[in-house]
Amino acid sequence: MKIKKIAEDYNLTKDDFWQHRQSGKWILTHSACEKIAKKCKIQFGAPTIFRDDNKNIAMVGDAKRGNTVVWSTGEACPENCRMAYPFSMAEKRLKDRLVLKLIDAHEYGISSEEEAEAFEKRNS
């Protein structure tokens, strides 16, 4: 599955994705993942939240599309999240990973911008 097919299948615009310069990976924005989830009628289960004294947060959850159910983890910690809202980042990462799994995008090297701050879109 190529990014062009994903863009066509889910009505994404050029603002919904870009190609990471260093790795060549295609990166979808979080809003693109939300658009895909809505179009596919993906249902998210309530996550289980884990937190420790070192400000590490993890959310484990599942999502369903038709008869297919997948689970994943979203995490945020001082080492991988500079944002002041780690719970939101963990949730975004969890949901984006679930969406990408349900549309089989991960197997083609497509990631979400929430995967790593290294994927932040650069204006050049």
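This is a predicted model: local features need pLDDT of at least 70, side-chain atom pairs count only at pLDDT 80 or more; totals for chains, interfaces and linings use all residues.

**A walk through the model**

Let's start with Lys92, which lies in helix 3. Residues are numbered from 1 along each chain as its sequence is written, and side-chain values use heavy atoms, with hydrogens and water left out.

And how confident is the predictor? pLDDT is its confidence in each residue, from 0 to 100. The protein chain averages 90, and 92% of the residues score at least 70. Among the elements, strand 3 (residues 43-44) has the highest mean pLDDT, 98, while strand 7 (residues 111-112) has the lowest, 91.

Back to Lys92. Its relative accessible area is 26%, so we call Lys92 partly exposed; the rule is buried under 20%, exposed over 50%, partly exposed in between, with a 1.4 Å probe and protein chains only. Leaving out residues up to four places away in sequence, Lys92 touches His30 and Glu114, where contact means heavy atoms within 4.5 Å.

His30 takes us to the helix pair. How do helix 2 and helix 3 cross? The axes of helix 2 (residues 30-40) and helix 3 (residues 86-102) come within 10 Å, and they cross at roughly 50°. That makes the two helices oblique to each other. From helix 2, the contact is made by His30, Cys33, Ile36 and Ala37; from helix 3, by Lys92, Asp96, Val99 and Leu100. Angles under 35 degrees count as roughly parallel, over 145 as roughly antiparallel, 65 to 115 as roughly perpendicular, and the rest as oblique.

Next, is Asp16 buried or exposed? With a relative accessible area of 3%, Asp16 is buried. You'll find Asp16 in the loop between helix 1 (3-9) and strand 1 (17-19). Its side chain is joined to that of Lys35 by a polar contact of 2.9 Å. A polar contact is a pair of N or O atoms within 3.5 Å; within protein, one must be able to donate a hydrogen and the other to accept it, and residues adjacent in sequence count only if both atoms are side-chain atoms. Not counting residues up to four places away in sequence, Asp16 also touches others, including Ile27, Leu28 and Ala32.

Now for two loop residues. Most residues other than glycine have a negative phi. Lys55 isn't a glycine, yet its phi is positive, about 70°. Lys55 sits in the loop between strand 4 (48-51) and strand 5 (57-65), and at 61% relative accessible area it is exposed. Asp104 has a positive phi too, near 60°. Its place is the loop between helix 3 and strand 7, and Asp104 is partly exposed, at 41%.

Last stop: Thr73, in strand 6 (residues 68-76). Thr73 is partly exposed, with 28% relative accessible area. Not counting residues up to four places away in sequence, Thr73 touches Ala58, Met59, Val60, Leu94 and Arg97.

Notes. Helices (H or I, at least four residues) and strands (E, at least two) are DSSP runs, numbered from the N terminus. pLDDT is the predictor's confidence in each residue, from 0 to 100. Axes are lines fitted to C-alpha atoms, for helices over the stretch in contact, and angles run from 0 to 180 degrees between N-to-C directions.
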